[in-house]
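The sequence and the model come first.

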Amino acid sequence: MTDSQPPLIEARGLTKRFAGVTALNQVSLAVDQGEVHAVIGENGAGKSTLMKILAGVQPQDEGAILINGEVVSLNSVERAMGHGIALIHQELNLADNLDVGSNIFLGREPTRLGLIDSRQIEAESEKFLEMVGLDISPKTLVGTLTIGVQQMIEIAKALSVNARVLIMDEPTSSLSQLETEELFRVIESLKSQGVTIIYISHRLFEIETIADRVTVLRDGENAGQLTRDQISHEAMVEMMVGRDISQFYARENHQIGETVLSIDRLRTLAWPRHEVNLEVKAGEMVGLAGLVGAGRSEMLRTVFGIDAAVSGSISVNGQKLKNHSCGEAIEMGIAMVPEDRKQEGLILDMGTKDNISLPGLSQNRVGGIFANARQEASDSDLMIKEMRIKTPGDSQPVRYLSGGNQQKVVIGKWLSMNPTVLLLDEPTRGVDIGAKQEIYRLMEGLAEKGVGILFASSEMEEVLSMSDRVIVMHEGCVTGELTREELSEEAIMHLATGGAGTQVKTAAKG
Ligand SMILES: Nc1ncnc2c1ncn2[C@@H]1O[C@H](COP(=O)(O)OP(=O)(O)OP(=O)(O)O)[C@@H](O)[C@H]1O
Ligand SMILES: [Mg+2]
């Protein structure tokens, strides 16, 4: 009997074309009520496009959407919401300057005698906050909350409009491990209340943990489906990529030289009372581990001159930076792949090729390594090919590339110059498994050429497999350092949670 029941929501033969690209070609998806249905695929496979169609953000060119077996038209976000479908975008849409309750009811505030009824907002908000396990006052300003908590508020907001189908597009990409676990608890509890979840992520272990079924997309087409008992890391990778990729990147040993970057008693605006001391040698890959909020991004931003330093000094090849500006950092041979690539790393209306060759120009001038235009063009061609950047043409504005492909462009842009020191903040966030290997290979290639690399990563596997040495931070301080021999997940977590680091006390003094 249950077999004949139609899916709660079904996409049949959806096709979506953009100028020059077929993002979806006859794609189908069937999701049953109360399941956690994962949709996976490489960058540019069409996941976000499919979700936007289901949520009424954009229309399909061909194909139909059915709810409980009946064809519906979802040609606006309101219409989709009316059917109980809500999309939580990867970029959170909350207003920082409003409190939690106002955010939940934004645009549809309950009124009493013509006035906004803030008491009702508060009472109602509390109910939805409780559903997502948040014990905070609806009066809290959203801007003061962590990304993880904001994520939960987005979910509470979706529930407050009676969402029966919650679509989450890469919800964990900016969450810490603890916040991710909390999100999973909320997902489980929503599921037990009959809410259906469509879940997108590049982190396959998350899919293994929570998905009941997986639909795989490849190049805008259905590549297959896996049921609960078929879900495994290997099966997913094979279906997604269609080629064999080993799980871990195996690092080669190589020569480590003199110190190229030294950070001496640096105090950042974020943690002005703590000093950071560290060094990176030529050819060395130093992993920067720590929980979200440990001060790693702030430290890297300060070294690159995005944020001002409170005190302390930064030297490249023994030469001190004088005015701590980005321009000076670049001239001294520091390159940086920032965490927020959309804002800091890309010119969205320029094409891939121009974005990639942009910083290389000034580097070539400063570094005295003159490269001609032809050389640069072929560098960017090579980069687009090597990193498998999916773009209809190298002059297509990067604004229209998929999330993961935009990230590859930023990384490609900095890798194509010849820095002395390369700083990377979460280099593979949102990047698919194949491209990850490419990025690791490129990083390693640079290290081999003698570039000193300092990279912050929240992915344990990445830190463990890529680092010659790991520096762990906790609340603005370096709590310890681990050599390759000392490296283990336990050792990192111990230091990351502030455990027994003798350096904390000394660094915090003053
Ligand atoms: N508005 C648009 N204009 C032009 N092309 C677009 C537009 N939106 C998406 N595309 C293209 O459609 C394809 C699918 O993109 P989509 O964002 O759905 O991928 P994705 O699977 O979500 O990838 P990622 O994992 O990187 O987020 C890509 O080639 C992308 O460049
Ligand atoms: Mg996407």
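Helices (H or I, at least four residues) and strands (E, at least two) are DSSP runs, numbered from the N terminus.

## Basis of the model

This is a predicted model, in which local features need pLDDT of at least 70, side-chain atom pairs count only at pLDDT 80 or more, and totals for chains, interfaces and linings use all residues. Residues are numbered from 1 along each chain as its sequence is written, chains are lettered from A and ligands numbered from 1 in the order in which they are written, and side-chain values use heavy atoms, with hydrogens and water left out.

## The site of ligand 1

There are 20 residues around ligand 1, of which G44, K47, T49, S402 and G404 come nearest. A residue is near a molecule or strand if one of its heavy atoms lies within 4 Å of it. By class, the shell around ligand 1 holds six nonpolar, eleven polar and three charged residues. Here Ala, Val, Leu, Ile, Met, Phe, Trp, Tyr, Cys and Pro count as nonpolar, Asp, Glu, Lys and Arg as charged, and the others, Gly among them, as polar. Domain 1 (2-241) and domain 2 (259-508) each give at least three residues to the shell around ligand 1; the domain bounds come from an automatic or database domain assignment.

Oxygen atoms of ligand 1 have protein N or O atoms beside them. For G46, a backbone N or O atom lies 2.9 Å from an oxygen atom of ligand 1. For Y400, a backbone N or O atom is 2.8 Å from an oxygen atom of ligand 1. In H202 the atom concerned is a polar side-chain atom, 2.8 Å from an oxygen atom of ligand 1. Ligand 1 taken alone exposes 640 Å², and the protein buries 89% of that; accessible areas come from the Shrake-Rupley method with a 1.4 Å probe, and for residues only the protein chains shown count as cover. Two or more residues of the shell around ligand 1 come from each of β2 (21-31), α1 (47-54) and α14 (403-415).

## Cysteines

How many disulfides does a search of the whole structure find? The search finds zero, a disulfide being a pair of cysteine sulfur atoms within 2.5 Å. C477 is buried, at a relative accessible area of 1%, while C326 is partly exposed at 26%. Buried means under 20% relative accessible area, exposed over 50%, and partly exposed in between (1.4 Å probe, protein chains only).

E275 sits in the loop between β13 (259-268) and β14 (276-281). E275 counts as buried because its relative accessibility is 12%. Its side chain makes a polar contact with the side chain of R267, at 3.0 Å. A polar contact is a pair of N or O atoms within 3.5 Å; within protein, one must be able to donate a hydrogen and the other to accept it, and residues adjacent in sequence count only if both atoms are side-chain atoms.

D432 belongs to the loop between β19 (421-425) and α15 (433-448), and is buried with a relative accessible area of 2%. A polar atom of the D432 side chain lies 2.6 Å from the backbone nitrogen of N43. D61 is in the loop between α1 and β4 (62-67). D61 counts as partly exposed because its relative accessibility is 39%.

## Strand residues

Most residues other than glycine have a negative phi. Q26, in strand β2, has a positive phi near 55° and counts as partly exposed at 46% relative accessibility. R265, in strand β13, has a positive phi near 45°.

V72 is in strand β5 (residues 70-72) and is buried, with a relative accessible area of 18%. The C-alpha atoms of V72 and H83 are separated by 9.1 Å, and the two residues are eleven apart along the chain. L288 lies in strand β15 (residues 285-289) and is buried at 0% relative accessibility. The C-alpha atoms of L288 and S467, 179 residues apart along the chain, are 8.9 Å from each other.
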